[in-house]
Amino acid sequence: KAGVTQTPRYLIKTRGQQVTLSCSPISGHRSVSWYQQTPGQGLQFLFEYFSETQRNKGNFPGRFSGRQFSNSRSEMNVSTLELGDSALYLCASSLDGGLHQPQHFGDGTRLSIL
Amino acid sequence: KQEVTQIPAALSVPEGENLVLNCSFTDSAIYNLQWFRQDPGKGLTSLLLIQSSQREQTSGRLNASLDKSSGRSTLYIAASQPGDSATYLCAVTTDSNYQLIWGAGTKLIIKP
C-alpha cells in the first residue's frame, strides 16, 4: 500500500510569489492535515480537510489556504510569500480523522524563500 | 492553552543501553498522545498511540506510558541500536479538535 505522497519535494521561490503544494493520502484515507515545521517554531498545525471540507484550522494568516478534491487529494496554497514561510510542509492522512487514529505522514515539501 | 514539553532536547548514549525520553503536557484533558520519530530530511513515522484511557502501549523494543493526572508520558527504548538515532516527538490531541499539539522533540544519538 503506497504511503502519503507529497509533491514537489523541494521548491525555491522568491518573496511575493505564490506556491501550491500537493498531497496524495493513503488509499482509502479521507482526512488530510497540513503542518508547518520550522527550527524556531517546531511543528504547527495549519488545517485539516475531510470530505472536501475544511474541518479545523490553526492560527495562520489567510495567505495560507487549502482544498481537498473528491479523491481526497489535497493542495495547500501560500500567496504573497514571505521569508518566514521557509519551512518543511508536512501532510498527514488518516481514515476519517477520528481522534483514536494515528496519522500517517509524507516526507514533506521543503520550501525555501529567497 | 495546551503546551507540550520534551526534555532533554538532545541525548547521546552508547549502543545497547536502555533509555527513557520524556514528554509533559500542561492540560490533562487530552484524547490521546502519540510518539513519532523523524529522520533527517524526512517526514514523521508514528511509533505508538496511547488513548487517554490507556496506561501504556508496546511495540517491539518500544514502550510508551501515559499518566494523564500528572501530565506526563515516557517512551522507553530497550537495547538501543544506532538505527534508533533520530528525533523523537510527542504530540497530544485535545478533546475538542482534531489538531495535534507538538513538543519540540528530543534528538537521540546512539553511539556504536
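Q: Why is the pair of Glu75(A) and Arg67(A) called a salt bridge?
A: The closest N and O atoms of Glu75(A) and Arg67(A) are 3.2 Å apart. A salt bridge requires a side-chain nitrogen of Lys or Arg within 4 Å of a carboxyl oxygen of Asp or Glu. The pair is therefore called a salt bridge, since 3.2 Å lies within 4 Å. This is a predicted model, in which local features need pLDDT of at least 70 and side-chain atom pairs count only at pLDDT 80 or more, whereas totals for chains, interfaces and linings use all residues. Residues are numbered from 1 along each chain as its sequence is written, chains are lettered from A and ligands numbered from 1 in the order in which they are written, and side-chain values use heavy atoms, leaving out hydrogens and water.

Q: What makes Glu75(A) count as buried or exposed?
A: The relative accessible area of Glu75(A) is 16%. Buried means under 20%, exposed over 50%, and partly exposed in between (1.4 Å probe, protein chains only).

Q: Which residues are linked in a network of salt bridges?
A: The network joins Arg63(A), Glu82(A) and Asp85(A). Over all chains, the count of salt bridges is eight.

Q: What makes the pair of Lys42(B) and Asp107(A) a salt bridge?
A: The closest N and O atoms of Lys42(B) and Asp107(A) are 3.9 Å apart, so the pair meets the definition. This pair crosses between chains, from Lys42(B) in the loop between β4 (30-38) and β5 (44-51) of chain B to Asp107(A) in the loop between β10 (104-105) and β11 (109-113) of chain A. Lys42(B), at 40% relative accessible area, is partly exposed, and Asp107(A), at 30%, is partly exposed.

Q: Why is the link of Cys23(A) and Cys91(A) called a disulfide?
A: Their sulfur atoms are 1.8 Å apart. A disulfide is a pair of cysteine sulfur atoms within 2.5 Å, so Cys23(A) and Cys91(A) qualify. The bond connects Cys23(A) in strand β3 (residues 19-24) of chain A with Cys91(A) in strand β9 of chain A, 68 residues apart. Cys23(A) is buried at 0% relative accessibility, and Cys91(A) is buried with a relative accessible area of 0%.

Q: What is the handedness of the disulfide of Cys23(A) and Cys91(A)?
A: The torsion about the S-S bond is about 65°, so this disulfide is right-handed.

Q: How do you know that Cys23(B) and Cys90(B) form a disulfide?
A: The sulfur atoms of Cys23(B) and Cys90(B) are 2.0 Å apart, so they fall under the definition. With 80° about the S-S bond, this link is right-handed. Cys23(B) lies in strand β3 (residues 19-25) of chain B and Cys90(B) in strand β9 (residues 86-94) of chain B, so the pair ties together parts 67 residues apart in sequence. Cys23(B) is buried at 2% relative accessible area, and Cys90(B) is buried at 0%. The structure holds two disulfides over all chains.

Terms used
Helix = DSSP H or I, 4+ residues; strand = E, 2+ residues; numbered from the N terminus.
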